[in-house]
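Welcome! Please take a look at the model below, and then we can walk through it together in questions and answers.

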Amino acid sequence: MSKADNLSQVTDYVRAARAGKAPFEIVAGGTRRNVGKPLNGLPLLDVSGLSGILKYEPEELIVTAAPATPLSEINAVLAEKNQRLGFDPADWSKLLKSNGVATLAGAASSDASGSGKLRHGGPRDSLLGFQAVNGLGETIRGGSKVVKNVTGFDLPKLMCGAYGTLAVLTEMTFRVYPKPQQAALLFLADVTPQDGFAVLRKIAHSALEPAGLAYLPAGMMSDVGQGAALIKLEGASQPLQEKIALAHGLLGGGLQRLEADPFPAIGSGEKFADLAGDVWRIMVAPSEAPHVARQFHAQHWLGDWAGGVLWLAAPPVEASRIRKLAADAKGQAMLLRASAESRTLHGLYAPQPPALAALNRAVKAAFDPLFLFNPGRLA
Amino acid sequence: MLLPPSDSKIIARRAEIVAALKKIVPDGVVADPSGLATFESDALSAYHQMPLVCVLPSNREQVSAILKYAGEEGVPIVPRGAGTSLSGGALPREDGILIGMGRMKRIIEIDYENGCVVVEPGVTNLNITKAVEANGFYYAPDPSSQVACTIGGNVAENSGGLHCLKYGLTTNNLLGVTLVAPGGEIVTLGGKSGAQGGLDLLGLVTGSEGLLGVVVEVVVKILRKAPVTRTLLASFDSVPAAGACVAAIIADGVVPAAMEFMDRRAAGAIEAYNHPGYPLDAEAILIIDADGVEADVAYAVSRVTDIVAQCGGKTVEATDEKQRARIWSGRKAAFAAMGRLAPDMICMDGTIPRHALPFVLEEMAKLSEQYGLGFCNVFHAGDGNLHPLIIFDTMKPGEFERAEAFGADILRLCVKVGGVLSGEHGIGIEKRDLMTDQFTPEDLAQQGRVKCAFDGQGLFNPGKVFPTLSACIEQGHIHVHGAQLPHPHLPRY
């Protein structure tokens, strides 16, 4: 394993890899190494030393950090100023049984949004700019350090969800937001998936700006009868009370208060950590969620983002059926946790239509013409 | 600004190209000079050029056939929505096909269950809101040209507007687009689920200024209208005090729905134009909207009022919906009102870090003296997006060139303080030659290679955005033909 702790060391490593036509795996905190197609023993480039907050400007609502900065560190520093990251980064380490450290770049590169995606969007909506080393060994910058920018191509979007296949990130600038003063957790018990998701969609399309909307069927939460619709609202004290009253009004009563916040365990997949089988995230139009979920009544599942994502634990033999169901619902089934064999066989996502796959490959080649970075990972 | 030289061989083949397009779109080819004159410029009207021919397709199959033909014959393509670009994004080429998307204006589906609308690209921004407002919804991005500009153009330019401080730009309000890529292949990026199962090409295509293909369908998010909106008018004795106040409000953690700045000259011209009730004795005013549930808005209003007072300003609140509308009508008429100050103006567009506002405002005043040209400031202060309006008279020799140089210096100033060349108008031809001020040669070459990944022949909107775009082969790029792998021996990533 090689280590690169700064831009010039990353550059040297990439240039040497280029000269030797030697692909490699990029590792920072290491929590997400077992997501996507296995890289089968490629040399490792350890970039965990590229860590730390470089410039935090609370009054500008932006933070610039080295990519391997632990999420815990950045969350703590922002919390001191009553702020939080512009997106809700999901730490999958419990789900993946990893002892590693979840990092900023890891969360952004794997498009790992928790339940809060509903409110502020994903990493793509938060990453304003970056510096990276491309496959030619050049330092490139994309985006900027201001919140409104349409200058040139929006390359930061590409970095989010690319699983490190385009460039080795060396610096990232994110939006931050004020941290809400308070949160309220509400739930409606004993509702079927059909009714529960309908409730969530109603709240999603209200003016309540919910911070979390999930449906948990019986078995995923205790004492909820057939299932529970969970609602998280945020705000300063008085506005929050008003939102709670409005939610009661919208649903005609029946809402109960919950003390502990279940959303961190929902958004991070922790609920599935000890369940057997492969773990999937199926992204669909929210109205499709009850129908898709019905096909998995025998398995463990839950719905987040008001139905926009279904988490599912299923035996490996179900893979093809899951992919087909997702495709029929015009969604995407992402294979998040599985054996190396399953991941090799089924990939992270279903194969794309040929023209789209060709564009994806061409964009990859535009950054990394020799396919040095995490080759094959995002398939 | 110069466009790359036209190809006289293509111009010589005009009749043949017109005939071929008529086969594809029998009722939608404009080839006569008077018809073409309609399309010779967009809202950057200082630049105009008659297109070789204009084609107005009415469905995606026609768009695909046109792009396939253009690819096979090597003819440049310039996409156009309503022609409201302020950066010359839709400026035609003498040797290029102008593809106008205005006929594709169907609202395909309104899906309240999923909070989205599926539209063709020629639907205007405002018509999306109009289609859903009876049910209490709206489409958030609201560029000033929203009556006329199309959603396809909004995607191409990643348009913003007054309310993107809270609700984001176009890119944050899209779930999917269907794109006809160069060569005619139709690809779907995202959709109602928002998921793409690969790289975020939806994010890349948004704001790509017509360089990567033609959008034929768009899935936009719609939002529930906030139950309460309140509007404040704050006035200040000095421009820097207003600038400092903007920074203080943002730093406090309040996120207004909109925060607009106007200096004395702008406010005066607007007041004379449509009498929105702006104070004439203030050096600068801010219009601030807070929206949300009642208590949220009350909290924001009280915070903003306190901060304005701390910054030495005075606040008045619109007492009813009518007064609210009147205050905003002034802001929305700003450009028209400014037309009274001088025969001509150019509207610049750059973004700066908000803390740099007072400094930049002072520097711009110095530049104004240096160039001997007046200007005024109307801008989206909340997100640091400046729109200085430079006023001049083209009839006076040298003034247009001076105005352009003044504008370029303002944008260089934006970059110097850590900002960018464009916050929402795009680069087009207007700012193309300033790209080297913001980006290194490596940055630009990287963007150039991304362009080549889509458009290996360099046929899409040539001469826009990039100062020099080397041929794709020089970029070391291997063009992907059809669905062929660029490196078949390498694993699929």
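Axes are lines fitted to C-alpha atoms, for helices over the stretch in contact, and angles run from 0 to 180 degrees between N-to-C directions. Helices (H or I, at least four residues) and strands (E, at least two) are DSSP runs, numbered from the N terminus. This is a predicted model, in which local features need pLDDT of at least 70, side-chain atom pairs count only at pLDDT 80 or more, and totals for chains, interfaces and linings use all residues. Residues are numbered from 1 along each chain as its sequence is written, while chains are lettered from A and ligands numbered from 1 in the order in which they are written.

Q: How far apart are the axes of H2(B) and H4(B)?
A: Two packed helices are described by an angle and a distance between their axes. For H2(B) and H4(B) the angle is about 155°. Angles over 145 degrees count as roughly antiparallel (under 35 is roughly parallel, 65 to 115 roughly perpendicular and the rest oblique), and therefore H2(B) and H4(B) are roughly antiparallel to each other. The distance between their axes is 10 Å.

Q: Which residues of H4(B) does H2(B) meet?
A: Two residues are in contact if their C-beta atoms, placed from the backbone, lie within 7 Å. H2(B) brings Ala20(B), Leu21(B) and Ile24(B) to this contact, and on H4(B) they meet Gln62(B), Ala65(B), Ile66(B) and Tyr69(B).

Q: Across which strands of chain B does helix H4 lie?
A: Helix H2 (residues 14-24) of chain B lies across E1, strand E2 (53-55) and E4, at about 10° to E2(B). Helix H4 (residues 60-73) of chain B runs at about 165° to E4(B), and the strands it lies across are E2, E3 and E4.

Q: Which strands stand at the edges of the four-stranded sheet in chain B?
A: Two strands pair if DSSP finds at least two bridges between them. The sheet is open, with mixed pairing and the order E1-E2-E4-E3 (chain B). Each edge strand has a single partner, so one side of it is left without a neighbour in the sheet; these strands are E1 (29-30) and E3 (77-80) of chain B.

Q: What is the bridge partner of Val78(B) in E4(B)?
A: E3(B) pairs with strand E4 (residues 97-100) of chain B in the parallel sense, over four bridges. In E4(B), the partner of Val78(B) is Leu98(B).

Q: Which residue in E3(A) stands opposite Lys3(A)?
A: Chain A has an open sheet of three strands with parallel pairing, in the order E1-E3-E2. Its edge strands, E1 (2-3) and E2 (25-27) of chain A, each pair on one side only. E1(A) is joined by two bridges to strand E3 (residues 44-46) of chain A, where the residue opposite Lys3(A) is Asp46(A).

Q: Which element gives the most to the side of chain A that touches chain B?
A: Here 75 residues of chain A are in contact with 84 residues of chain B. Among the elements giving two or more residues to the chain A side are strand E8 (139-143), helix H7 (237-251) and helix H12 (354-367) of chain A. With 13 residues, the one that gives the most is H12(A).

Q: How far apart are the C-alpha centres of domain 1 and domain 3 of chain B?
A: Domain bounds come from an automatic or database domain assignment. For chain B this assignment gives domain 1 (8-100), domain 2 (107-224) and domain 3 (228-416). The centres of domain 1 and domain 3 of chain B lie apart by 38 Å.
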